[in-house]
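Please go through this structure with me by question and answer.

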Amino acid sequence: MKTQLRKTALSLAIAACVGVSGAAMANETTSAIKGQVMGPNGNPAAGTKVTILHVPSGSVKTTEVNDAGYFTAKGLRVGGPYRVVVDSDVYADQEFNNIILNIGNDYPVNVSLEPQSSMEQIVVTGAPISAMSGGTGPASTFTLTDLENQPAINRDLKDIIRIDPRITIDDSRGSINCGGGNPRYNSLTLDGVRMNDNFGLSSNGYPTINAPFSFDSIEQVSAELAPFDVQYGGFTSCNINAVTKSGGNELHGGIFFDYTNDSMQGDSIEGEDYDAGNYTEKRYGFNVGLPLIEDKLFLFTSYEKLEGVKQFNYGGLTSGSVTADDLSRVQTASQSRYNYDAGGMPSSSPIEDEKILVKLDWNINESHRANIIYNYNDAFTISQSDADNDELSLSNHFYEQGAEFTSIVASLYSDWSDDFSTEVRIGKSELDARVESLDAASSFGEMQINTANGGTIYIGPDDSRQSNDLNYDTTTAKFAGTYYLDQHTITAGYEYEELEIFNQFVQHTEGEWRFASVEDFENGIASSLAYDNAAGTNNPTDLAANFSYAQHTFYIQDEYSFTDIDASLTFGLRYDKYTSDDKPNLNENYVSRYGFSNQSTFDGVDLIQPRVGFQWYATDALEVRAGVGLFSGGNPNVWLSNSYSNDGISKATSSIYDLSDTYFVLNKDGEYDPFVDLFIPQNVNGGTPGYEVPQELYDKVAGSGAGDSNVNAVASDFEIPSEWKYSLGATFTTENEYVISLDYLYSKKKDAATLIDLGLMDSGKTTFDGRPLYVGKDDVLNPGKTRSRDYLLTNVNGDSGDSSVISLGISKQYDNGVNFSFGYAYTDSDDVNPMNSSVADSNYSNIALTNPGNPGVASSDYEIPHRFTLTLGYQHEFVDGYATRFNLFGEAYKGLPYSYTYNSSDRAFGDLNNYGYGSRQLLYVPLENDPNVVYDMSADEINEFNDFIASEGLERGEITGRNSQNADWFVKFNFKLTQELPGFMEGHKGEAFFVIDNLTNLLNDDWGVLKKRRFRR
């Protein structure tokens, strides 16, 4: 008899995983059982009945073995346990119990039946499929056991998926870094509905402040880097696919409460005391599943509330770039000179997060099953906005960032015959995001005051939050069918997604003032002044982008199961097409300048994506997988929105240069600088500077019938960026059940997105170190003047970059209650433009280079060269019936890359990014007696500079490479202790748990410290 439940299906592996798949637009939210049933002589046991029972809900699915000896049951609930009965009229029946299904994965049941005379019925106990097997591409699957046991102190899926060594969570920003790819190119779905940041503003990848769903509502989650099934799309970095729990025939559920406060937090880092403030934080909630109608209708619901705190840091004071005297003088002058309370420096502020999920499952009959899921999240946090080590923001510069997110999805799974099944899903989600300065009611603008030590103090409402509002609706639909024909499983489908967006993002509508020194601020002498608003109306609402577009996806695929070897080959095509009826306003000046329209969008852009995947169980202990395919998606829609918000005619800009020069003041050389005494010009409504802008600037905007400001546009020949992915991997289970996994993933970027400044051109001249000098093009509409900062979203011309990821995983569960997993990933990732912002100007500027027109391929901002992970668990009943669990998670990785650049010197090279004050030109490292370099430094400073060059290993006489340096290694361990306790009544249990985030830093304040470069804005 051959009953094949492979060794690769017998381990509870957790790490560095290889396996399953999922999709971004309409991910797999179910699982499947499939296999081959043969008679004693190897002949197909056609007509044999296979019955599959989901034990918790009593739902039953029945199918028959086809003429080739195969059966498949799709659309099954994730989890279990399941019972499978192979019922033959000719041979002995077989029964399989305790089968647990993983999300998007096929559970293999291959059986050789015995004559009835040998045995009446054979009973086999199944076991969970390893997270390290079962698919065609590199991925990881985490079960309910993982979710419950791992030290997820943030109650976030990120705490779980970071176990995979290819997935790094940036604790400083919350972003998910997969295999060296841009976090904005990830996708997150819950029960098939897109839950990632569809617009592309958030650094954490969520549309909301934290995860938009309750942690206790999740049954399983998978993270896939290259699933070669054509149903998967909408990402090029990785796809995170979560499925919620369901109710069953038994009442089950739980409540939780966790608590922390400032006394439980560390108070020193690397010997420096840290003020944690005075705060408390608590989270509480419940979840419950129950039958409404036994075997028919089930309810699951969960609720979670966070009453937390956001802690603030004041890097400018810590670094010394801002002194206590600077701060005191600014606060005093703000009140006395400008009649404005700039605020203080609170250590923390309250925040909240509330989540609700309700799910109904309906077993209509044996052939049809449906569910409907409602999810709600409302949360807010407080941002300091400008908080780098050379910056200090006072509290009235802070802003509240919040979001209310609602989604509802309904799915219907139908088996029309043993050979044909369908899936229909309709979903709708709405996001109402709010970003508002805490002091918005004052109508004060932003003021930036430079200090003598190179710092900047910020007061007043942030310039980017003075007119900022976003909401969008997403509608999705999926219609898919699967047909079983002998050894073929043929899948075809259509998916639809429509995004309707309202985005208002207008800077400087209340004004922005900059001061070269604290003294100038006290005297009212500004070095810069900016006021922007809607041309002709001065109403920022007129500048909102309001547009929609749709994505249509068609796919077809055949999965062929071989008869002579235990292997399957999957091949198919996916076709994505974008459509939109909306266009930005036509800018005739733009057409005159550049010879083409600014109205191009993604309308009509399409892409065919072929995929091939192979899976082979070479032996009961060895699984081999491979695949090749093209992937696209995950590109933030905010990049398209920039074209609507910045058409160049709707907005009018004004600056200090638009003031009469009679207001300018003399510098120390007796010359006029663009410095103005703010108390001389007449302000709007006769108001005080800060509360009102000069009347001349307001009138300039009001008198603009059509503006002539900077334009963001999309190239008419823009192609959707994509990546070819090639994967090869294997999972081997040893005789003593160590699970070893090895994978290689190569990705070749194609048509990567980038931005160019249409107003700049190469002068044909170079500096002594070989970098090109740029100049502004003559403005044909304004002879004698040049123009810059007209940005065009286009594709890289030439090599877009590539990446290689090699990963290794080993895991084992021992009989004595100990389990462990170890993972390692090596990543080499290159790109041209990291595209790390939502704003066109920042995406253009936030890249270290020597040639603005052709940055070239270099190490990616997102490359983590080496990363190790470790999980260690132990479970034991020190008291009979009540388990004690110890779980440890550790990670160690080489820090993110960074570059050495000149400070605020880009203008010298004709590189007019960031208003000409950019700091992205790569450093030339001088020879010891370099004839091309003149030092404005003392002898001691020169010696220190030479020591720095030597310590960093920089090559003299060369330009440093982009991202040629890496931050220090980061090592961190988290720990969780869980103790089961008696419940309130028989059959109930409670749990007490204790979690330590960053155990490493608790043991030694020099450990567990994350260091990274400053983000270039």
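This is a predicted model: local features need pLDDT of at least 70, side-chain atom pairs count only at pLDDT 80 or more; totals for chains, interfaces and linings use all residues.

Me: How many cavities of 30 Å³ or more does the search find?
Reply: Rolling a probe the size of a water molecule over the atoms shows where empty space is left. The search here covers the whole structure, and the number of cavities of 30 Å³ or more is nine.

Me: Which strand gives the most to the lining of the second largest cavity?
Reply: This cavity holds about 300 Å³ of space and is lined by 33 residues, with Glu723 and Lys749 among those nearest its centre. Strands S43 (722-733), S44 (739-750), S50 (802-813) and S51 (818-831) each supply at least two residues of the lining. With four residues, the strand that gives the most is S44.

Me: Which strands stand at the edges of the open sheet of six strands?
Reply: The order in this sheet is S25-S29-S28-S32-S34-S39, with mixed pairing. An edge strand has a single partner strand, so one side of it is left without a neighbour in the sheet. The two that stand there are S25 (391-393) and S39 (651-655).

Me: What is the bridge partner of methionine 447 in S32?
Reply: Strand S28 (residues 446-450) and strand S32 (residues 512-515) pair in the parallel sense over four bridges. Methionine 447 lies within the residue range of S28, and its bridge partner in S32 is tryptophan 513.

Me: At about what angle does helix H4 run to S29?
Reply: Helix H4 (residues 324-338) lies across S25, S28, S29 (456-459) and S32. Its angle to S29 is about 35 degrees.

Me: How far apart are the closest N and O atoms of arginine 434 and glutamate 400?
Reply: Side chains of opposite charge can pair when their charged atoms come close. Arginine 434 is in strand S27 (residues 420-437) and glutamate 400 in strand S26 (residues 399-415), 34 residues apart in the chain. The cut-off for a salt bridge is 4 Å between such atoms, and the two residues form one, with their closest N and O atoms apart by 3.2 Å.

Conventions. Residues are numbered from 1 along each chain as its sequence is written. Side-chain values use heavy atoms; hydrogens and water are left out. On a 1 Å grid over the protein atoms alone, a cavity is a set of points where a 1.4 Å probe fits but cannot get out, and a pocket is an open set with protein on both sides within 12 Å along at least five of seven lines; lining residues have an atom within 4 Å of a point. Grid points are joined across faces, edges and corners, and a volume is the space filled by probe spheres set on the points. Two strands pair if DSSP finds at least two bridges between them. Contact means heavy atoms within 4.5 Å. Axes are lines fitted to C-alpha atoms, for helices over the stretch in contact, and angles run from 0 to 180 degrees between N-to-C directions. A salt bridge is a side-chain nitrogen of Lys or Arg within 4 Å of a carboxyl oxygen of Asp or Glu.
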